Amino acid sequence: MDEIDRAILRELQTDGRIAYADLGPRVGLSASAARQRLQRLLDSKAVQVVGVTDPMAMGGQAMALLGIGVDGDPRAVADELARRSEVVYSVLTSGGFDLFVEVVAAGPRELLDFVNDVVRPIEGIREIRSFPYFGIHTHRFLWDVG
């Protein structure tokens with residue numbers, strides 16, 4: 001992946017539906033060259049273009065990142081939580097927590113109920129630390145591509 005590929009990815013993070021006619025000049029290529037570059041990245045599976053929803057725009061008003069400590073295999077806990085619509089994503093870690101889970105709920109009360117009534121009873125969970133955030137925000141996934 002070279003600097004032009006990284007520039008294409010930065011533009012796609014800003015606008016995943018950008019027209020090749022606009023993309024090309026922004027990264028120093030013609031529209032057809034930008035299309036070919038992006039197609040090469042897609043074909044190699046290095047890049048995947050997907051739609052990402054904003055949970056807050058879809059009705060959620062309370063979100064939290066849950067740091068979860070697990071006795072046993074954290075994958076089983078992650079699999080169980082992944083079945084829940086409140087879970088935005090989960091990731092296994094090798095740090096202070098075994099698992100991080102981001103959840104969204106209609107409001108603070110529903111978030112508390114989800115943590116206490118759904119997450120805590122899951123077998124193997126020994127610790128939950130909740131890092132809540134409330135209100136309206138833009139939920140964007142941006143990674144440094146170069």
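Which helix holds both Arg-109 and Asp-113? Both residues lie in helix H5 (residues 108–119), 4 residues apart, about one turn of the helix. This is a predicted model, in which local features need pLDDT of at least 70, side-chain atom pairs count only at pLDDT 80 or more, and totals for chains, interfaces and linings use all residues. Residues are numbered from 1 along each chain as its sequence is written, and side-chain values use heavy atoms, with hydrogens and water left out.

**Confidence**

- The protein chain has an average pLDDT (the predictor's confidence in each residue, from 0 to 100) of 87, and 84% of the residues score at least 70.
- Helices (H or I, at least four residues) and strands (E, at least two) are DSSP runs, numbered from the N terminus.
- Among these elements, the highest mean pLDDT, 96, belongs to helix H2 (residues 20–27), and the lowest, 90, to strand S4 (residues 125–134).

**Salt bridges**

- A salt bridge is a side-chain nitrogen of Lys or Arg within 4 Å of a carboxyl oxygen of Asp or Glu; the count by this rule is 11.
- One of them joins the side chains of Arg-26 and Glu-11, at 3.3 Å from N to O. This pair links distant parts of the chain, with Arg-26 in helix H2 and Glu-11 in helix H1, 15 residues apart.
- Arg-26 is exposed at 53% relative accessibility, where exposed means over 50% relative accessible area, buried under 20% and partly exposed in between (1.4 Å probe, protein chains only).
- Arg-109 is exposed, at 56% relative accessible area, while Asp-113 is partly exposed, at 29%.
- Arg-75 pairs with Asp-73 in a salt bridge whose closest N and O atoms are 3.0 Å apart; Asp-73 is partly exposed, with 37% relative accessible area.

**Asp-5 and its network**

- Asp-5 lies in helix H1 (residues 3–14) and is buried, at 2% relative accessible area.
- A network of salt bridges links Asp-5 with Asp-2, Arg-37 and Arg-40.
- The Asp-5 side chain makes a polar contact of 2.9 Å with the side chain of Arg-37. A polar contact is a pair of N or O atoms within 3.5 Å; within protein, one must be able to donate a hydrogen and the other to accept it, and residues adjacent in sequence count only if both atoms are side-chain atoms.

**Lys-45**

- Lys-45 sits in the loop between helix H3 (31–43) and strand S1 (62–70).
- Its phi is near 70°, a positive value in a residue other than glycine.
- Lys-45 is exposed, at 72% relative accessibility.
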